Amino acid sequence: MQYDVVFEGGGAKGGTFVGAWREFEARECTADRFVGSSAGAIAAAILGSGADAAGLESALCERMPDGNMRLSTFTDIPQQFKDDVINSSVTYELLRNAPIPFVPQFVQNTMAKFTVRQLMRIPLYRTLFSFVEKGGLYSGDTFLQWIVETLAKQQDEFALASFERFYDITGNDVNIVVTDTTAREMLVLNRRTAPDCPVSYATRMSMSIPFLWQEIKWENSWGTYKGKNITGNVLVDGGVLSNFPIDLVVSNDKQVQDVMGPQTQTPPLGFLIDESIPVPIERTSTPQNNEGILNAIKEAKTLQRIEDLVNTSIDARDKMVIQAYWDVIIRLPAKGYKAVDFNMSEQDLKALINAAQNATKQYLDTHDYPSAA
């Protein structure tokens, strides 16, 4: 049996998809259309490349020699910035235009450049600079390297393959949701709307949680979106506008069909990370937070208010969609787990995965799906 599958965003909680896909595969179910936002986009891209449940687990649960999860490296301090970003930065402008008596402007300009260059040698300053100038504390470079490597494990060509090429090789229709903050709209990147865009970079756009990871600007080499040139547009986390885009595979709305193509007879199936359902085994550790100034920034009341407003708008939209398509959604337990918990213990991760597999089994057992062998 074949389905159109949709994965919800959820940051580090995306490991729950490993358990869900194990059960899905155990019943010899397949999919050829994959849709996802944020962490869901990661699952959609990896599975759409041809990986199985074991491949998904290898990617999402990988640990380094020191025992830490590789996902923990995604909170990477930016190493460098382009000259045009530095020269147009707030710091440089303040130093260049500060009222310093008896100092000629050309001398002040030189002093400003020198000061900024020296500050760039300090990791904390680079992080703050990234937050102010690029919209996120972390660069996201290690994530991009990881997703490129992960996709290349299926085929070398997949490292930078476009949506069109992905489809030509696999026959799988991968759809990744991102948010265009320049055009103020949700984009669905796939072989119809953005055939020349690399799947790896689309996934990087979709995981860019605002204030945590740097935003991405659309490059000219990625072609157009629905025939429109969007070079320079700023792209961030798809979850900002649609964290669980299941309506993309069930709606008959013309705007949806314009990006997804005509509706098919393939049944839909959504994998929802449900924070209201507890994982049976109690957690052995609590999510780790960065200490010092960086944590203070993330805990700032202003950012918390913005996050609360964004989450409220997302939840309100998603709740309507969930209620409308209640019967085709599998709810995966995730209570007590957080989106930024990138270094959970092996026991906690195993509990999350097993809970997802059991939830998927219970759902499929009661919805006339094939039984596992």
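## Arg63 and Glu346

Arg63 is partly exposed, with a relative accessibility of 23%. The model is predicted. The side chain of Arg63 meets that of Glu346 in a salt bridge, 3.8 Å from N to O. Arg63 sits in the loop between α3 and α4 (83–87), and Glu346 in helix α14 (residues 346–365), so the bridge ties together parts 283 residues apart in sequence. Glu346 counts as exposed, at 57% relative accessibility.

## Other salt bridges

The whole structure holds 15 salt bridges. One of them joins Asp173 and Arg192, with the closest N and O atoms 3.0 Å apart. This pair links distant parts of the chain, 19 residues apart: Asp173 is in strand β4 (residues 173–180), while Arg192 is in the loop between β5 (185–189) and α10 (199–206). Asp173 is buried, with a relative accessible area of 8%. Arg192 is partly exposed, at 27%.

Salt bridges also form a network, which links Glu23, Arg27, Lys361 and Asp365.

## Helix α5

Helix α5 spans residues 90–97. Glu93 and Arg96 both lie in α5, 3 residues apart, or about one turn of the helix. They form a salt bridge, and their closest N and O atoms are 3.2 Å apart. Glu93 is partly exposed, with a relative accessible area of 29%. Arg96 is also partly exposed, at 24% relative accessibility.

Together with Leu94 and Val132, Val90 makes a nonpolar surface patch of about 290 Å². Val90 has 44% relative accessibility, so it counts as partly exposed.

## Packing of α1 and α3

Helix α1 (residues 16–26) packs with helix α3 (residues 53–60). The angle is about 170°, and the axes are 9 Å apart. The two helices, α1 and α3, are therefore roughly antiparallel to each other. On the α1 side, Phe17, Val18, Trp21, Arg22 and Glu25 make the contact. On the α3 side, the contact residues are Ala53, Leu56, Glu57 and Leu60.

Ala54 is also placed in α3. At 51% relative accessibility, Ala54 counts as exposed, because the cut-off is over 50%. The C-alpha atoms of Ala54 and Arg22 are separated by 7.9 Å. Along the chain, Ala54 and Arg22 are 32 residues apart.

How values were computed: Residues numbered from 1 in each chain as written. Predicted model: local features only at pLDDT ≥ 70, side-chain atom pairs only at ≥ 80, totals over all residues. Heavy atoms only, no water. Patch = residues over 30% accessible without salt bridge, like charges linked within 9 Å, V, L, I, M, F, W, Y side chains within 5 Å. Areas by Shrake-Rupley, 256 points an atom, 1.4 Å probe, with all protein chains shown as cover. Salt bridge = Lys/Arg side-chain N within 4 Å of Asp/Glu carboxyl O. Helix = DSSP H or I, 4+ residues; strand = E, 2+ residues; numbered from the N terminus. Buried < 20%, exposed > 50% of the residue type's maximum accessible area, 1.4 Å probe, protein only. Axes fitted to C-alpha atoms, helices over the stretch in contact; angles between N-to-C directions. Parallel < 35°, antiparallel > 145°, perpendicular 65-115°, else oblique. Contact = heavy atoms within 4.5 Å.
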